[in-house]
Amino acid sequence: MKFRLVVSLIALLLTSTQLPLHAFDQKPLPLVTQGKSAYVIYHAPEAPDSVKLATKEFQRMIAGSTGVTLKIQTEPAAPMLCIGENAASLDAGLNVSKLPADGFQILTKEGNIYIAGRDTHEKKFIWRGYKSRGTLFGVYEFLEREVGVRWLMPGEWGEDIPAKKELLVSNGNEFQQPDFPDRLLEYVQDKRPLVQEWMLRRKIPPVAEGRKTGSGHSWDEYVSVIALQAHPEYMALVRGKRTLPVGRNYKLCTTNPELVDLFAKGVIESLHKRSWQKSASISASDGGAFCSCEKCSQLVTDDPHGKRSNTRLLLQFYHQVAQKVHKAHPDRLVGALVYYNYMYPPKEPMPISENLSLVWAPLNYYGYGLYKPTYQREFVDVVKGWTAITNNFVYHNYSTWMRSYNGAPLPPAREILKLELPTLKRQKVRGAIMVGQSGWGYGALTNYVLSEQMWNADIDVDGLIQEWLRRAYGPGWPSMEQVYDLLD
């Protein structure tokens with residue numbers, strides 16, 4: 001299918017040029033030749049819904065490329081495309097039990113093609129945000145590599161299926177898993193079904209399914225206003241006053257031991273009521289006016305730019321609350337932002353509870369801030385500083401996001417894309433929650449690259465951008481590359 005993308009007055013046809021991708025060395029298998037195929041698509045009758053979706057997507061894409069519709073059946077028959085874990089895949093030697101979430105294996109053996117991964121069955125679902133779809137992602141990887149399919153943006157116009165008279169597929173064995181087990185792409189109209197469909201095709205879980213690590217501003221959720229009014233000493237001392245809570249963005253005196261106990265009790269009760277929730281956020285309310293009482297002030301330092309840093313103050317509170325929650329809910333997690341005037345790591349190590357995930361949202365880098373040389377130079381060292389104190393570290397940034405969703409096109413930000421996620425991978429950061437661009441007319445390219453990097457952070461960014469432009473704009477791609485480079 002041809003894809004037309006309208007930006008300004010340009011609407012050009014797609015091409016099927018693609019980047020050189022991994023291929024196996026053995027003799028390829030003829031999946032479709034001379035308008036025919038001997039293959040069937042097989043899945044077990046009891047397969048999870050995501051596996052059944054994978055077979056339908058496989059059937060549709062092969063038909064769209066070659067005009068040949070393969071039969072889907074629930075009984076194995078050689079030669080076959082065996083989709084999902086089942087008796088046939090186990091007999092062929094596939095064992096997905098040791099794969100991480102979303103991981104998969106693609107194997108060809110005796111003329112059959114096996115694709116299976118870690119899958120969460122609907123009947124065994126436990127936590128929100130923890131569904132694994134390894135088989136589905138393996139099928140999408142196969143379709144991208146072997147058929148050349150690309151999903152450039154959501155919907156029919158974003159789907160590019162190259163026409164092929166014959167389809168020869170690689171022969172071999174491969175394992176894949178995401179570079180970031182926790183990964184989300186936000187602010188891209190992610191509540192829309194077409195966008196959620198695109199996310200799955202790009203091997204990203206939809207935001208609507210929930211988060212592995214909750215980290216929203218939450219200080220108003222766990223201690224009642226009545227308790228705060230009865231104990232004004234629980235409130236932050238700001239400019240010499242402890243103001244009673246108003247709205248959501250009030251601050252607490254985090255060195256008050258009674259407040260810590262009461263706050264932790266609220267988190268414990270919240271998790272008890274929400275059995276489906278793996279994690280709870282204990283992040284500070286937005287803004288930076290933290291307590292300046294004597295005990296809290298002792299934990300305040302300067303950040304690398306000479307400004308006030310509340311990092312030690314917040315980390316001590318997070319650690320103390322997390323420890324208390326761990327005693328009551330040893331199988332649950334707490335997440336907490338390191339952000340605003342507590343975005344830089346402490347100069348000296350601090351204890352971090354094993355159930356505490358720190359979610360770094362570096363405010364200085366929002367809105368293309370990482371184009372500033374000062375921030376580019378410090379980025380690697382700041383990441384190293386955080387990962388030195390905890391392995392449970394998640395990156396959450398608005399680096400290619402602007403508050404205005406309409407108007408002039410935004411650049412793809414090549415320099416930033418080449419810096420962020422590759423650095424995080426090298427430092428073994430566990431998660432990447434990236435904020436994309438909700439205006440798909442100009443943001444599709446950036447969203448596409450981010451989605452690819454969250455699976456494979458070492459992808460050639462320049463090559464990926466050029467391939468996307470070629471396939472989105474056809475013969476007009478060099479001109480569009482000039483436009484994007486000018487914006488950068």
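**Strand pairing and charged pairs**

Modeller: Within β20, G431 is the bridge partner of V394. Please bear in mind that this is a predicted model.

Biologist: How many bridges join β19 to β20, and do they run parallel or antiparallel?

Modeller: Strand β20, residues 431-435, runs parallel to β19, and four bridges join them. β19 also pairs with β18 (residues 356-361), in the parallel sense and over three bridges. In that pairing, W360 stands opposite Y395 of β19.

Biologist: What unit do β18, α9 and β19 make?

Modeller: They make a right-handed β-α-β unit, in which α9 covers residues 373-387.

Biologist: Which way do the β19 side chains point?

Modeller: F393, Y395 and N397 point one way, V394 and H396 point the other way, and all are buried. In a regular strand, side chains alternate between the two faces of the sheet.

Biologist: Let us move to α11. Where does it bend?

Modeller: The bend is at T446, by about 25 degrees. Helix α11 (residues 440-455) still reaches 21 Å from its first C-alpha to its last, close to the 22 Å expected. Of its 16 residues, 15 are buried.

Biologist: Now the charges. How many salt bridges does a search of the whole structure find?

Modeller: The search finds 27 salt bridges. One of them joins the side chains of R183 and D102, at 2.9 Å from N to O. This pair links distant parts of the chain, 81 residues apart: R183 is in strand β11, and D102 is in the loop between α2 and β5.

Biologist: Why does R183 count as buried?

Modeller: R183 counts as buried because its relative accessibility is 2%, under the 20% cut-off. D102, at 3%, counts as buried too.

Biologist: And which residue does E467 meet in a salt bridge?

Modeller: E467 meets R150, again with 2.9 Å from N to O. E467 lies in helix α12 and R150 in strand β7, 317 residues apart.

Biologist: Which residues are linked in a network of salt bridges?

Modeller: E57, R60, E159, E197 and R201 are linked in such a network.

Biologist: Finally, the cysteines. How many disulfides does a search of the whole structure find?

Modeller: It finds zero disulfides. For C253, the nearest cysteine sulfur is that of C293, 3.8 Å away. C253 is buried, with a relative accessible area of 4%.

Terms used:
Residues numbered from 1 in each chain as written. Predicted model: local features only at pLDDT ≥ 70, side-chain atom pairs only at ≥ 80, totals over all residues. Heavy atoms only, no water. Disulfide = S-S within 2.5 Å. Buried < 20%, exposed > 50% of the residue type's maximum accessible area, 1.4 Å probe, protein only. Helix = DSSP H or I, 4+ residues; strand = E, 2+ residues; numbered from the N terminus. Expected span 1.5 Å × (residues − 1). Bend = angle between axes of the 7 residues up to and from the residue. Pairing = 2+ DSSP bridges. Right-handed = clockwise from strand over helix to strand, strands pointing away. Salt bridge = Lys/Arg side-chain N within 4 Å of Asp/Glu carboxyl O.
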